[in-house]
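Open the model in your viewer and keep the selection tool at hand. This tour goes stop by stop, with what to select and what is there.

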Amino acid sequence: MSLTKKERTLTIWIGIAIGVACSSMLVRYALNEKEKKTQDRPGNYDSLKTASGQSIFPPLPESVSQSIPHGIVVFFDQNESIGNGSASDSSRKWVIETGGSFRSERLFVLAEETPGNPSQANFYRAAELYLKTGKNYDQDTLEEKLDEEKYRVIGKNSRSGEWIVQIKDFSPPGIRSSLKELSLIKPIVEGVRLSPWKPSG
């Protein structure tokens, strides 16, 4: 017994409908699984584990997650302050790699909670410091004194005249250590500070 033309057409359309429905369900399932894995991946804001060392970190203040919406938490620290208050003050700090389509669009940002107002944070470039030299010292003199395994002069701030020094260890302890170490290069170095960063928009 053969099918009529109408029955064949109807069978084909039923088969297509079932195929599309199954395919749609499989795609939805795959996307849900991918999203779950992404949320659990170390460094993701929801994972509460750093990408480096997988240390536990507390949820980010809203001001941080809004300013850096698709970042990866590389380091977390809640010891002495780096950019706020006195050295004896403690604060929570996250070093976050910002999102971007290209590697050149990404950078590492230090987000440090504001003392007395944990819902707010100050932002700095984690891998760069501003360094001021005396008038009699140029880039070559500075570079002779720098440990090339740790530091590299990558430019000069045209407004302030400070050198922009890239640091290799941009974990919070590494940043603290670099600030102290560089400030001891006397009499060449007059001052060293964090490089401020402003969220776009």
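**Stop 1: a cis peptide bond**

Select proline 187, in the loop between H4 and strand S7 (189-196). Helices (H or I, at least four residues) and strands (E, at least two) are DSSP runs, numbered from the N terminus. The peptide bond that joins lysine 186 to proline 187 is cis, with omega at about 0°.

Before going on, note that this is a predicted model: local features need pLDDT of at least 70, side-chain atom pairs count only at pLDDT 80 or more, and totals for chains, interfaces and linings use all residues. Residues are numbered from 1 along each chain as its sequence is written, and side-chain values use heavy atoms, with hydrogens and water left out.

**Stop 2: arginine 176**

Select arginine 176 in helix H4 (residues 172-183). Is arginine 176 buried or exposed? Its relative accessible area is 10%, so arginine 176 is buried. The cut-offs: buried means under 20% relative accessible area, exposed over 50%, partly exposed in between (1.4 Å probe, protein chains only).

Show the contacts next (heavy atoms within 4.5 Å). Leaving out residues up to four places away in sequence, arginine 176 touches Asp77, Asn79, Glu80, Ser81, Ile82 and Lys93. Draw a C-alpha to C-alpha distance from arginine 176 to serine 81: 8.7 Å in space, for residues 95 apart in sequence.

**Stop 3: salt bridges**

Side chains of opposite charge can pair when their charged atoms come close. Here a salt bridge is a side-chain nitrogen of Lys or Arg within 4 Å of a carboxyl oxygen of Asp or Glu. How many salt bridges does a search of the whole structure find? The search finds seven.

Aspartate 77 and arginine 176 are both buried.

Move to lysine 180 and glutamate 80. Their side chains meet in a salt bridge at 3.9 Å, N to O. Lysine 180 is in helix H4 and glutamate 80 is in the loop between S1 and S2, so this pair ties together parts 100 residues apart in sequence. Glutamate 80 is partly exposed, at 28% relative accessible area.

Now select lysine 150 and glutamate 181. This salt bridge has an N to O distance of 3.1 Å. Lysine 150 sits in the loop between helix H3 (139-145) and strand S5 (151-156), and glutamate 181 in helix H4, 31 residues apart. Lysine 150 is partly exposed, with a relative accessible area of 36%. Glutamate 181 also counts as partly exposed, at 30%.

**Stop 4: aromatic rings**

Switch to the rings. Those of Phe, Tyr and Trp (its six-membered ring) pair if their centres lie within 6.5 Å; planes under 30 degrees apart count as stacked, over 60 as edge-to-face and the rest as tilted. The whole structure holds four aromatic pairs by this search.

Select phenylalanine 76 and tryptophan 94. Their pair is tilted, at 5.6 Å centre to centre and 45° between the planes. Phenylalanine 76 lies in strand S1 (residues 72-77) and tryptophan 94 in strand S2 (residues 93-97), so the pair ties together parts 18 residues apart in sequence. Phenylalanine 76 and tryptophan 94 are both buried.

Next, select Phe75, Phe108 and Phe170. These form one aromatic cluster.

Then pick lysine 156 and tryptophan 163. Lysine 156 lies over the face of tryptophan 163, at 4.4 Å from the ring centre. The criterion is NZ of Lys or CZ of Arg within 6 Å of the ring centre and within 35 degrees of the ring normal.

**Stop 5: two positive phi values**

Select leucine 48, in the loop between H1 and helix H2 (62-67). Its phi is near 60°, a positive value in a residue other than glycine. Leucine 48 counts as partly exposed, at 28% relative accessibility.

Glutamine 54 is in the loop between H1 and H2. Phi of glutamine 54 is near 50°, again positive and not in a glycine.
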